[in-house]
Amino acid sequence: MRYQELSYWLSSVDEPLAPRPGLPGDADADVVIVGAGYTGLWTAYYLAVADPSLRIVVLEKEIAGYGASGRNGGWCSALLPTSLPALSRRHGRDRALDMQRAMQETVREVGRVVADEGIDCDWRAGGTVVLARSEVQLGRARAAVAEAREYGLADEDLVLLDAAEAAARCHADGVRGGTYTPHCAAVHPARLVRGLARAVERRGVRIFERTPVTAVRSGAAETPAGVVRAPVVVRATEGFTPALPGQRRTVAPVYSLMVATEPLSEATWAEIGLAERETFSDYRHVIIYGQRTADGRLAFGGRGAPYHFGSRVRPDYDREPRVFAALRRVLGELFPMIGPEVPVSHTWGGPLGVARDWSASVGLDRTTGLAWAGGYVGDGVGSSNLAGRTLADLIRGAASDLTALPWVNHRSPRWEPEPLRWLAVNAGLRVMFSADEAELRTGRPSRRAAAFSRFLGH
């Protein structure tokens with residue numbers, strides 16, 4: 001497999017992507033981690049820092065960064081898939097706010113580790129601007145800021161922008177306003193995950209690549225090459241989780257796709273803005289996301305690819321020409337200064353993990369020694385660091401502010417069996433697409449989209 005072809009990010013790392021040696025046979029460890037993406041590697045990192053004597057093994061089916069960690073939009077953000085009101089209903093206002101503050105601190109923590117470990121990943125803490133390009137979207141921007149104020153979050157956390165202020169940060173076509181938060185950094189995600197893999201190896205963690213795990217059970221991870229026995233087994237497989245026995249309905253793997261342009265001229269960037277490399281989005285229902293890369297490209301993505309029956313994950317699902325064409329069209333609508341033919345150089349995609357209640361979680365069952373983290377719904381660059389720190393505390397038995405957060409040991413309901421799962425997920429995508437179209441046509445908020453958000457527990 002040519003791993004460089006999986007994404008623009010993996011094509012532009014400064015190293016060969018030759019796999020590390022696989023597991024040579026049966027082995028013993030104190031902790032075995034399944035998955036060498038952000039979650040697994042952050043967990044290994046903080047465990048190794050806290051207790052260098054621990055024997056830690058990471059097992060990876062392909063290479064470090066093969067999954068979402070090497071293909072995402074490069075937002076290290078404080079975003080959570082569950083809204084503050086939904087968290088408050090489940091856990092209370094104070095604990096919901098604790099979770100949000102922990103995510104804000106996480107952005108700073110990732111930046112600290114990147115600097116301390118010398119990881120060259122184009123880190124730039126420029127924040128996020130979310131644009132409003134219609135009166136309906138501007139209403140959502142105002143509501144987002146009002147909600148933030150209800151929870152004690154101030155202008156330094158989220159501020160409402162008028163049309164001129166929003167355009168000064170990101171001069172997209174038709175901007176009427178928006179919001180800005182400083183709690184986000186643009187990052188080259190593949191360089192981050194590859195650098196993190198090297199950092200854990202320097203601390204004695206063993207990573208075995210091209211080693212698929214066929215089963216996870218109490219006390220062991222099974223592979224075709226041998227069994228790794230350990231008192232603690234961590235599942236860190238996110239969108240690939242349904243491939244494990246007994247995990248088919250744990251998360252739904254939903255695909256997100258991206259495009260990257262050729263490097264744009266300085267004159268074009270002077271028109272677009274994003275001078276601080278702010279990440280950007282807008283207030284439509286179907287999520288879009290983008291960043292200005294360090295080498296002057298627009299990396300832009302969005303949802304819209306179908307969910308595949310039976311939670312199947314296959315390489316050919318990474319590429320949907322219809323979605324790539326739509327992303328290119330939306331990018332041209334946002335930034336007409338690019339020209340009528342958006343100069344796209346790379347297209348790619350991959351699965352992310354969605355829990356049934358749209359809630360990320362992290363936990364450890366002390367009776368079985370089985371630990372897990374995931375369900376980030378695309379917000380995993382930051383969340384995975386918080387998950388890794390939390391798992392490290394849970395595994396070591398260290399009570400902390402992190403282990404008291406409301407997502408710890410949260411158990412999401414299982415997804416419905418097929419065909420209900422396939423019908424529900426794809427119907428939801430259609431509802432959100434039609435809602436965006438209807439709002440553009442009528443200028444009124446979509447009731448169907450609001451009802452679907454309530455159904456999801458947002």
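1. Over residues 30-394, the chain is 32% helix and 25% strand, with the end C-alpha atoms 14 Å apart. Helices (H or I, at least four residues) and strands (E, at least two) are DSSP runs, numbered from the N terminus. The unreviewed UniProt entry annotates residues 30-394 as "domain: FAD dependent oxidoreductase"; such annotations may be inferred rather than shown by experiment.

2. Keep the source in mind. This is a predicted model, where local features need pLDDT of at least 70. Residues are numbered from 1 along each chain as its sequence is written.

3. Look at helix 2 (residues 38-50) and helix 10 (residues 380-396). Their axes, lines fitted to C-alpha atoms over the stretch in contact, come within 8 Å and cross at roughly 40 degrees. Helix 2 and helix 10 are therefore oblique: angles under 35 degrees count as roughly parallel, over 145 as roughly antiparallel, 65 to 115 as roughly perpendicular and the rest as oblique.

4. Which residues of helix 2 meet helix 10? Among them are Tyr38, Trp42 and Tyr46. The helix 10 side includes Gly380, Ser384 and Gly388. Contact means heavy atoms within 4.5 Å.

5. Helix 7 (residues 189-202) is mostly covered, with eleven of its 14 residues buried (under 20% relative accessible area, 1.4 Å probe, protein chains only). Leu192 and Leu196 are among the buried ones. The cover includes helix 2, helix 4 (93-116) and helix 10. Just after helix 7, Gly204 has a positive phi of about 95 degrees.

6. Helix 11 (residues 420-442) also has buried residues, including Arg421, Leu429 and Glu439.

Note on methods: Predicted model: local features only at pLDDT ≥ 70, side-chain atom pairs only at ≥ 80, totals over all residues. Heavy atoms only, no water. Buried < 20%, exposed > 50% of the residue type's maximum accessible area, 1.4 Å probe, protein only. Axes fitted to C-alpha atoms, helices over the stretch in contact; angles between N-to-C directions.
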